[in-house]
Amino acid sequence: MKLSINKWYASLFSFGIIIVLPIIVLALWSVSGKWIFPALIPQKVDFNTIKHMINDPIFFPSILNSFVIASSTTVTSLAIALPAARYFAFQKDLSSRVVEGVIYLPLILPAIAIVTSSQILFLKFHLTGTFLGIVLIHTYVCLPYAMQILLESYRQLGEGYYLTAQSLGAKPWYIFHHITWPLLKNGVGTAATLVFIVSFSQYLPTFFIGGGQIITLPMLLLPYANNGRLVLASSYSIVFLICTLIGVFILKLIMRRK
Amino acid sequence: MNKKKLLVLPFIILNSVVIIAALFKGVQVSLGYYPLIGLKRLTLINYQYVLTNSFFKESLVYSCYLALTATLLSLFLGGLLAFLLLKVKSSVLHTIISLPISLPHIIVALMAMQLISQSGIISRLFYQLGIIQEIGEFPLLIHDVPGCGILLVFLYKEIPYVAVTVLAILLQLKMGYIEVAKSLGASSIRVFFTILLPMLQKTLITLFIILFCFTFASFEVPYLLGSPGHPTIALTIYDLLSQSDLITRPQAFALDIVMSIVCLIVTFIALTCSRFLPGGRKTF
């Protein structure tokens, strides 16, 4: 029995290695001054590319844009998903498969089809090239993720507490503040984190709706990776990962304070 | 009651405006109504062209091949990984396994280049070990026709996603059923078909639909790792739209619609299968 547990552990451990190894290689690439075939580790380590990247005038604006878009998308998505998830969790008219269908439709329909077609629509309303337009399309893309998590949280929460408080004469806002929110906080935190990450890594919606005027990190990353500029692309990837971690950390802080 | 329905209004409005209005525009243009370049007569010629031209047909088939292979392998391996996670309760390993879920596809594609390209780490390791004598002997795993690089990126991203989702279901279910069945003498195959499959199949079908549709339509990964001569359908649309010539745009929108219909048909088939599998009817 002991041996078989060790065997399971070893298999899971090797899965972990397969996952971590590429990330280490990515980090090594970002600081490699010279790393030519067939060397297994960089022949020269320097931070020239990273300096070069930071001195690029587009560097800080692209980070700022990414943060502004991802945080606005997080707020908008939660504002839309919280009430909608509440409704779907406690309604009795629709079967769970129908609710799933409505929520997952944006994941089923090809993103590129929706983005390219809605570009015409957004052009008409002068939303292309604006932050509002990008946030709207990002919210559309991220809503299924937020809905999935919040729906599950509401279902676990149940309606009992709400109804009890209501029958005791509590006002809806009071109920939300003292009962629903404290119990729902974890779910909201997870949903916010996921939406932030998904929005942060969007390329196509930003490209088509932003019309190339609003530059985010993925829009810099993709061309560099495509042109085989591995060192620069890796540096941007590391910046990207650090930014996501900072974003997630800030979200955690906000959720803890409330 | 009506007041409660108001809660869901912003959600419905955003989704339906984007989906219905956008696809309506897409259908309009693909049917040849494109006043911007003076086209106003409705015609099916774009669809006819897109569905008969061998280049478009090939990219459609190629996308289906990539999506099906990646999805089925992810479901199978992700399912196995879920059981592994259930057996080994190491929170560090659990966190590491769920790491790829939050990595963006562009970065994973970049990691694939650094790992499995001809000058990648694995090739270098083979060289150092004397398995290959020169760089060209390492097989082409990136920009290749079978799409190894693309598939590996999706597997790296999707196996943990499947595993974590299935694990959540497994933890909710009462594993006691399996113990009982086994102590009553049920074989592993029997346990799988009468207990596990009915309990898991709805989740697996949902995962299949989401993963298939995502992989089928994904742009970044085939853009970075795909074979130049074999574009996926999303790449074809992107190419048609980035041309300055507006005349090819209706074809791109026809492809958009064809793509959406393929996704809806696959979803419908998967849901129908789910109904006829054990455990499917109960929920209706």
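**Figure 1. An enclosed helix of chain B.** Because twelve of the twelve residues of α6(B) are buried, this helix is largely enclosed by the rest of the structure; buried here means under 20% relative accessible area, whereas exposed means over 50% and partly exposed covers the values in between, with a 1.4 Å probe and protein chains only. The model is a predicted one, in which local features need pLDDT of at least 70 and side-chain atom pairs count only at pLDDT 80 or more, while totals for chains, interfaces and linings use all residues. Residues are numbered from 1 along each chain as its sequence is written, chains are lettered from A and ligands numbered from 1 in the order in which they are written, and side-chain values use heavy atoms, with hydrogens and water left out. Helix α6 of chain B covers residues 105-116, and its twelve residues reach 16 Å from the first C-alpha to the last, close to the 16 Å expected at 1.5 Å a residue, where the expected span is 1.5 Å times one less than the number of residues. Among the buried residues of α6(B) are B:H105 at one end of the list, B:I116 at the other, and B:M111, B:M113 and B:Q114.

**Figure 2. The two chains and their secondary structure.** Helices (H or I, at least four residues) and strands (E, at least two) are DSSP runs, numbered from the N terminus. Chain A has eleven helices and two strands, and from its N terminus on the elements run α-β-β-α-α-α-α-α-α-α-α-α-α. The C-alpha trace of chain A spans about 70 × 65 × 35 Å along its principal axes, and of its 258 residues 53% are buried. Chain B has 13 helices and zero strands; its C-alpha atoms fill a box of roughly 75 × 70 × 35 Å, taken along the principal axes, and 50% of its 284 residues count as buried.

**Figure 3. The crossing of α3 and α6 in chain A.** Helix α3 (residues 59-90) of chain A and α6(A) have axes that come within 6 Å and cross at roughly 40°, which makes α3(A) oblique to α6(A). The axes are lines fitted to C-alpha atoms, for helices over the stretch in contact, and the angles run from 0 to 180 degrees between N-to-C directions; angles under 35 degrees count as roughly parallel, over 145 as roughly antiparallel, 65 to 115 as roughly perpendicular and the rest as oblique. The crossing of α3(A) and α6(A) is right-handed, a term for a near helix turned clockwise from the far one by less than a right angle, left-handed being the anticlockwise case. The residues of this contact divide into 21 nonpolar, seven polar and two charged, with Ala, Val, Leu, Ile, Met, Phe, Trp, Tyr, Cys and Pro counted as nonpolar, Asp, Glu, Lys and Arg as charged, and the others, Gly among them, as polar. A:P61 lies in helix α3 of chain A and is partly exposed, with a relative accessible area of 34%.

**Figure 4. The packing of α2 and α11 in chain A.** Helix α2 (residues 48-55) and helix α11 (residues 230-257) of chain A pack at an angle of about 70°, with their axes 9 Å apart, which makes α2(A) roughly perpendicular to α11(A). The crossing in which α2(A) passes α11(A) is right-handed.

Figure 5. A:E100 forms a salt bridge with A:R97, the closest N and O atoms being 2.8 Å apart, where a salt bridge is a side-chain nitrogen of Lys or Arg within 4 Å of a carboxyl oxygen of Asp or Glu. By this rule the count comes to one salt bridge over all chains. Both A:E100 and A:R97 lie in helix α4 (residues 96-108) of chain A, three residues apart, about one turn of the helix. A:R97 is buried, with a relative accessible area of 12%, whereas A:E100 is partly exposed at 27%.

Figure 6. Most residues other than glycine have a negative phi, and most peptide bonds are trans. A cis peptide bond, with omega of about 5°, joins A:F37 and A:P38, and A:P38 is found in the loop between β1 (32-34) and β2 (44-45) of chain A. A:H126 has a positive phi, near 55°; its place is in the loop between α5 (111-124) and α6 (131-157) of chain A, where A:H126 is exposed, with a relative accessible area of 66%. In chain B, the phi of B:H143 is positive too, near 60°; B:H143 is found in the loop between α7 (121-128) and α8 (148-172) and counts as partly exposed at 38% relative accessibility.
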